[in-house]
Amino acid sequence: MQHRFLALLAMLMISLVSLASQPQGRKHHDGFNPKRFQAELEQFITTNACLTPREAAKFFPVYRQMGKKMRMIFDEMRRFRHVNPNDNEACAEAIRRKDELDIQLKQLQQEYHSRFMTILPPNKVFSVIKAEERFHRQAFRSEEHTSELQSLRHLVCRHLLEKK
């Protein structure tokens with residue numbers, strides 16, 4: 001009985017080492033690539049919103065312009081992560097500023113959605129918005145899933161389940 005337990009433990013350790021040394025099959029180890037992400041997003045939107053090449057050529061420069069302005073607002077929002085939670089005045093100011101930035105973000109989206117409707121019919125603009133949301137949800141889930149799979153505990157559990 002003790003020999004079986006030791007053999008199982010040794011096998012588990014060997015399997016763990018081999019699993020940990022194998023590449024994960026995803027390009028996650030390369031880090032985040034913004035250009036690749038943008039290209040995948042645009043391809044996803046083009047396909048899901050059924051944009052023609054001509055529509056895509058007119059639409060995406062304006063879409064990228066909106067994205068650049070939105071990132072500037074998000075960058076400012078990120079600065080509030082470092083507010084001291086024990087400083088009530090700083091917290092109050094951070095809340096006020098974040099609310100202002102949220103409103104700016106919504107106004108920016110409204111402005112660009114109107115511009116989009118001068119380039120594409122409203123039903124395609126609506127499809128673009130839905131496709132963008134779907135893409136970000138899937139990207140977030142995929143990242144969450146990849147991180148989960150790369151933890152040592154999950155590697156062991158996955159390996160043991162695959163053996164059954």
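## Ground rules

Buried means under 20% relative accessible area, with exposed over 50% and partly exposed in between (1.4 Å probe, protein chains only). By that cut-off Phe116 is buried, because its relative accessibility is 1%.

This is a predicted model, where local features need pLDDT of at least 70, side-chain atom pairs count only at pLDDT 80 or more, and totals for chains, interfaces and linings use all residues. Residues are numbered from 1 along each chain as its sequence is written, and side-chain values use heavy atoms, leaving out hydrogens and water.

## Rings around Phe116

The structure holds nine aromatic pairs (Phe, Tyr and Trp rings, the six-membered one for Trp, with centres within 6.5 Å; planes under 30 degrees apart are stacked, over 60 edge-to-face, the rest tilted). Phe59 and Phe116 make an edge-to-face one, at 4.8 Å between centres and 65 degrees between planes. Phe59 sits in helix H3 and Phe116 in helix H4 (residues 88-119), so this pair ties together parts 57 residues apart in sequence. Helices here are DSSP runs of H or I, at least four residues, numbered from the N terminus.

Phe59 is buried too. Tyr63 also pairs with Phe116, tilted this time: 6.3 Å centre to centre and 40 degrees. Tyr63 is buried at 4% relative accessible area. Zooming out, ring pairs join Phe59, Phe60, Tyr63, Tyr112 and Phe116 into a cluster.

## Glu55

Back in helix H3 (residues 53-78) there's Glu55, buried at 18% relative accessible area. Skipping neighbours within four places in sequence, Glu55 is in contact (heavy atoms within 4.5 Å) with Cys50, Leu120, Pro121 and Lys124.

Conventions:
Helix = DSSP H or I, 4+ residues; strand = E, 2+ residues; numbered from the N terminus.
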